[in-house]
Amino acid sequence: MLVFQHAAKTGGSSLVYLLSQIFGKRACRLVLLDATEGTRETQCVNTFRNIIQGRCSSLEIHPPDETIPAFVRELNISVHSITIARHPLNLTQSMYNFLVE
């Protein structure tokens, strides 16, 4: 399984699109940006259920959370992690432009 740690404003949406083209419905997403503690737990449980049932070939985690890939490994599922880094000044400028718009 490929786990993608999606950091904001680093080109992650392009990678998510690519993963969805490659894996189709097996490209799973765990987006916890606005999740409360209760909804976060529900989203995680549902996602892990899909992983255990073999419904996910890739998993996007947004924002990045280092505990999730470790938990997936505990399920004895082979995990390869990827993220995209960006120069800090370019990242700051991109975030500023995003927030101003």
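Residues are numbered from 1 along each chain as its sequence is written, and side-chain values use heavy atoms, without hydrogens and water. Because the model is predicted, local features need pLDDT of at least 70 and side-chain atom pairs count only at pLDDT 80 or more, while totals for chains, interfaces and linings use all residues.

Four strands form an open sheet in the order β2-β3-β1-β4, with parallel pairing (strands are DSSP runs of E, at least two residues, and helices runs of H or I, at least four, numbered from the N terminus; two strands pair if DSSP finds at least two bridges between them). The edge strands, β2 and β4, each pair on one side only. Five bridges join β2 to β3, and R29 stands opposite E60 in β3. Helix α1 (residues 12–23) packs on this sheet and touches β1, β2, β3 and β4. Helix α3 also packs on the sheet, touching β1, β2, β3 and β4.

The largest nonpolar core has 14 residues (a set of buried Ala, Val, Leu, Ile, Met, Phe, Trp, Tyr and Cys residues joined through side-chain atoms within 4.5 Å; buried means under 20% relative accessible area, with a 1.4 Å probe and protein chains only). Its largest share, three residues, comes from α2. Leaving aside neighbours within four places in sequence, F48 is in contact (heavy atoms within 4.5 Å) with I68, F71, V72 and L75.

In α3, the buried residues are I68, P69 and V72. Seen down the axis of α3, these residues fall within an arc of 100 degrees (taken from the directions from the helix axis to the C-beta atoms), so they line one face of the helix.

Terms used
Buried means under 20% relative accessible area, exposed over 50%, partly exposed in between (1.4 Å probe, protein chains only). Axes are lines fitted to C-alpha atoms, for helices over the stretch in contact, and angles run from 0 to 180 degrees between N-to-C directions.
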